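The following note sets out numbered points on the structure shown below.

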Amino acid sequence: MHCQACGAPLAAGARYCHKCGANTGTAAAAGWRAGVPWAVAGAAAGALITVVALRLGGRSEGAGPMTSAAPLETDAAPAAAPGQPPDISQMSPLERATRLYNRVMSLHAAGQADSAAFFLPMALRAYAMLPELDVDSRYHLGNLDLTAGDVAGALAQADSIARANPSHLFGYMLRARALELQRDTAGARRAYRDFLRREAQERARKRPEYADHAQNLDAFHTQAVEATGAQRAN
């Protein structure tokens, strides 16, 4: 079996070329989220580590706010030596997922849609392989769903956050942006209002994830004020 893009020899069942990163055509374009067997997940993890170690270089590019999704958020991840790609094989599964999330958000916000699309399936797989998802990971996964245009996926993550903690601000943020993509203006405004109603009390709790995403929360607050103010003016 050889790579159709560069001709490099590939192991049987390889999903991506270890040399150029091209999709071999064996990876399904959709449907991976429904019950990936652990054996397959392990093989995908090996391909993920190889491809990203080759393609993921240095720190993520800086970026501004995204459309219908969160602005770039940079969570802590092991730094690579100057001029060297990061050795993600030494990262924990959560660190790998976070690094890929930051890369996708950065590329998407910078307008590099093709590059963001290359890393997006890897980031989604990385989160799917985590043994469990906390609120912060669900928020990241919801933003990746929004980037992919998967409104239902983002709303599912918002619902899961709400079940775990009904007042958590991340649930309102995902819901508002997902409903905006769905063109449900009234629903989005309700989510914005709920965010503003809960914001002061929630931010006073000083949850670690709020500190990590303080810039995002501030940007969303401005959007929520504008959205609810526009509603009152109508």
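1. The secondary structure of this predicted model consists of nine helices and zero strands. Read from the N terminus, the order of elements is α-α-α-α-α-α-α-α-α. The protein has 234 residues, of which 44% are buried. Among contacts with a sequence separation of 6 or more, 61% join residues 24 or more positions apart.

2. Helix α2 covers residues 93–109. The helix has 17 residues and spans 24 Å from its first C-alpha to its last, close to the 24 Å expected at 1.5 Å a residue. Of these 17 residues, 12 are buried, so α2 is largely enclosed by the rest of the structure. The buried positions are Arg 96, Ala 97, Thr 98, Arg 99, Leu 100, Tyr 101, Asn 102, Arg 103, Val 104, Met 105, Ser 106 and Leu 107. Just after α2, Gly 111 adopts a positive phi of about 80°.

3. Helix α2 packs on helix α3 (residues 113–128) at an angle of about 155°, the two axes being 8 Å apart. The pair is therefore roughly antiparallel, since an angle over 145 degrees is assigned to that class. The crossing of α2 and α3 is left-handed. On the α2 side, the contact is formed by Ala 97, Thr 98, Leu 100, Tyr 101, Arg 103, Val 104, Leu 107 and His 108.

4. What angle do the axes of α5 and α6 make where they cross? Helix α5 (residues 151–164) and helix α6 (residues 169–181) cross at roughly 155°, and their axes come within 8 Å. That angle makes α5 roughly antiparallel to α6. The crossing of α5 past α6 is left-handed. From α5, the contact draws on Val 151, Ala 154, Leu 155, Gln 157, Ala 158, Asp 159 and Ile 161. From α6, the contact draws on Phe 170, Gly 171, Leu 174, Arg 175, Ala 178, Leu 179 and Leu 181. The residues of the α5 contact with α6 divide into 10 nonpolar, two polar and two charged.

5. Helix α6 also packs on helix α7 (residues 185–203), with axes that come within 9 Å and cross at roughly 160°. The two helices are thus roughly antiparallel, and their crossing is left-handed. Helix α6 contributes Leu 169, Tyr 172, Met 173, Arg 175, Ala 176, Leu 179 and Glu 180 to this contact. Helix α7 contributes Gly 187, Ala 188, Ala 191, Tyr 192, Asp 194, Phe 195, Arg 198, Glu 199, Glu 202 and Arg 203. By class, the contact of α6 with α7 has nine nonpolar, one polar and seven charged residues. Arg 175 and Leu 179 of α6 are listed in the contact with α5 and also in the contact with α7.

6. Leaving aside residues up to four places away in sequence, Tyr 172 touches Pro 166, Ser 167, Ala 191, Asp 194, Phe 195, Arg 198 and Phe 220. Its C-alpha atom lies 9.1 Å from that of Ile 161, 11 residues away along the chain.

7. Asp 145 belongs to helix α4 (residues 135–147). Its relative accessible area is 1%, and this charged residue is therefore classed as buried. Between Asp 145 and Leu 174, which are 29 residues apart in sequence, the C-alpha to C-alpha distance is 9.9 Å.

8. Most residues other than glycine have a negative phi. Arg 183, in the loop between α6 and α7, has a positive phi of about 65° although it is not a glycine. Arg 183 is exposed, with a relative accessible area of 76%. Lys 206, in the loop between α7 and α8 (208–212), likewise has a positive phi, near 55°. Lys 206 is exposed, with a relative accessible area of 68%.

Terms used. Residues numbered from 1 in each chain as written. Predicted model: local features only at pLDDT ≥ 70, side-chain atom pairs only at ≥ 80, totals over all residues. Heavy atoms only, no water. Axes fitted to C-alpha atoms, helices over the stretch in contact; angles between N-to-C directions. Helix = DSSP H or I, 4+ residues; strand = E, 2+ residues; numbered from the N terminus. Parallel < 35°, antiparallel > 145°, perpendicular 65-115°, else oblique. Left-handed = near helix turned anticlockwise from the far one by under 90°. Contact = heavy atoms within 4.5 Å. Expected span 1.5 Å × (residues − 1). Buried < 20%, exposed > 50% of the residue type's maximum accessible area, 1.4 Å probe, protein only.
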